[in-house]
Amino acid sequence: MSVLKKMTGLGGGAILLFLTTASAHSADLGRPRSRPLDDFAPPLERPAANDTTWTGLYLGGTLGQMWGAGIASGDIGNYTFDQNGTVGTVFAGFNLQVGRTVFGIEAEVGTGNVTSSTATGRGVLQSELNSFGSMRARAGLLVTPALLLYGTAGLAWSNMDFSIGNLNTATDTLWGYQVGTGAELMLSSHVGVRLEYIYTDLGKQMFGHTGLNNGYDPDSHTVRAGISLKF
C-alpha cells in the first residue's frame, strides 16, 4: 500500500511538472521576440547591417559645386579669371580595412558646366571645362563601425578650352594634384553615402592661340555629395 502511494505521488509530481513547463512555454509563445540591441542603437553607432567590414570594391557617383580662380599670363598680359559651376563624377575604388583604419585607392572621371569670362586688352578671355579626373589614395579612421572620416590625395587632370576675343579656341589638358577630406556613412553592407571637399591645383600650362601664347594656371575648390555601391 505504501508502494502504491509512492508511485501515485511520483506520477502526480511528474504530471504537475509537465503542466507547469507547458504553461510556461505557451506564455513564451505569446510574447514578442526580443530584438538585438543593435536595432535600438543610433544609426551612426549601429554596425552597417551587422557587417562592419569596409574591405572590397565599390562604384558610385557624386554631384557638387566647383569654384576657383586662375592666372592667365603671357602675350595678353597678366589677368585673374574666376570660374565656377556644377560638376558630376563617376568613381570606382577599393578599400582595405585594418582594425579601425581604412586604406584605399580611388579613380574618378567627370564633367560639368564650369566657365569664366574676363575682359583683357586683346579681347574677352573665356575658359570652359570639358572633362576632368583623378587617381587618389584614401586613408581614414572609423569613428563608429559605420562612419569613416578620411583624407585623400593624388594626381589630377583637366581638359579645358581657352579663347581670346575672336581668336581660335585652344584646347589642352592640364595636370596637377588634388587633396581633400570627407566623411562616408555606410547605410547598409552595400550602400554608402559621402560628403567631401576637394582642392585641385593644376599647375601652369601654355596654350597657343593664333599669334599669341599664354600660360594658364587654374586652381579650384569642390564640395560634393555622393553615393556608392559596395561589392
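The following numbered points comment on a predicted model of a single chain.

1. Overall make-up. The chain contains 1 helix and 9 strands. Read from the N terminus, the order of its elements is α-β-β-β-β-β-β-β-β-β. The chain has 231 residues, of which 37% count as buried. Its accessible surface amounts to about 12,600 Å², and carbon and sulfur atoms hold 64% of that area. Among contacts with a separation of 6 or more, 64% are between residues 24 or more positions apart.

2. Pairing of strands 2 and 3. These two strands run in the antiparallel sense and are joined over 15 bridges. Within this pairing, N84 faces T115 of strand 3. The hairpin of strand 2 and strand 3 has 2 residues between the strands, and G99 in this hairpin adopts a positive phi near 65°.

3. Pairing of strands 3 and 4. Strand 3 also pairs with strand 4, again in the antiparallel sense. This pairing extends over 16 bridges. F103 has A139 of strand 4 as its bridge partner.

4. The largest nonpolar core. This core comprises 18 residues. L125, L129, F162 and Y216 are the members with the most contacts inside it. At least two core residues come from each of strand 1 (56-74), strand 2 (77-98), strand 4 (123-144), strand 5 (147-164), strand 6 (170-186) and strand 9 (212-230). Another core, of 6 residues, lies apart from the largest one; W54, L142, L148 and M186 are among its members.

5. Surroundings of L129. Which residues does L129 touch, leaving aside those up to four places away in sequence? The list consists of M66, V87, G112, V114, S158, N159 and M160. L129 is also one of the residues with the most contacts inside the largest core.

6. In soluble globular proteins, nonpolar side chains tend to be buried together. Two or more patch residues come from each of strand 1, strand 2 and strand 3 (101-120). Strand 2 gives the most, with 3 residues.

7. Is L59 buried, partly exposed or exposed? This residue lies in strand 1. L59 counts as partly exposed because its relative accessibility is 43%, which falls between the limits of 20% for buried and 50% for exposed.

8. Salt bridge between E106 and R138. The structure holds 9 salt bridges. In one of them, the side chains of E106 and R138 meet with an N to O distance of 3.9 Å. The two residues are 32 residues apart, E106 being in strand 3 and R138 in strand 4. E106 has a relative accessible area of 1% and is therefore buried. R138 is likewise buried, because its relative accessibility is 5%.

9. Salt bridges of R194. With E106, R194 forms a salt bridge whose closest N and O atoms are 3.0 Å apart. Because R194 is in strand 7 (residues 191-201) and E106 is in strand 3, this pair ties together parts of the chain 88 residues apart in sequence. R194 also forms a salt bridge with E184, where the closest N and O atoms are 3.6 Å apart. E184 is in strand 6 and R194 in strand 7, so this second pair connects parts 10 residues apart in sequence. Why do both partners of this second pair count as buried? R194 does so because its relative accessible area is 5%, and E184 because its relative accessibility is 3%; the limit for buried is under 20%.

Notes: Residues are numbered from 1 along each chain as its sequence is written. This is a predicted model: local features need pLDDT of at least 70, side-chain atom pairs count only at pLDDT 80 or more; totals for chains, interfaces and linings use all residues. Side-chain values use heavy atoms; hydrogens and water are left out. A nonpolar core is a set of buried Ala, Val, Leu, Ile, Met, Phe, Trp, Tyr and Cys residues joined through side-chain atoms within 4.5 Å. Buried means under 20% relative accessible area, exposed over 50%, partly exposed in between (1.4 Å probe, protein chains only). Helices (H or I, at least four residues) and strands (E, at least two) are DSSP runs, numbered from the N terminus. Contact means heavy atoms within 4.5 Å. Two strands pair if DSSP finds at least two bridges between them. Accessible areas come from the Shrake-Rupley method with a 1.4 Å probe; for residues, only the protein chains shown count as cover. A salt bridge is a side-chain nitrogen of Lys or Arg within 4 Å of a carboxyl oxygen of Asp or Glu.
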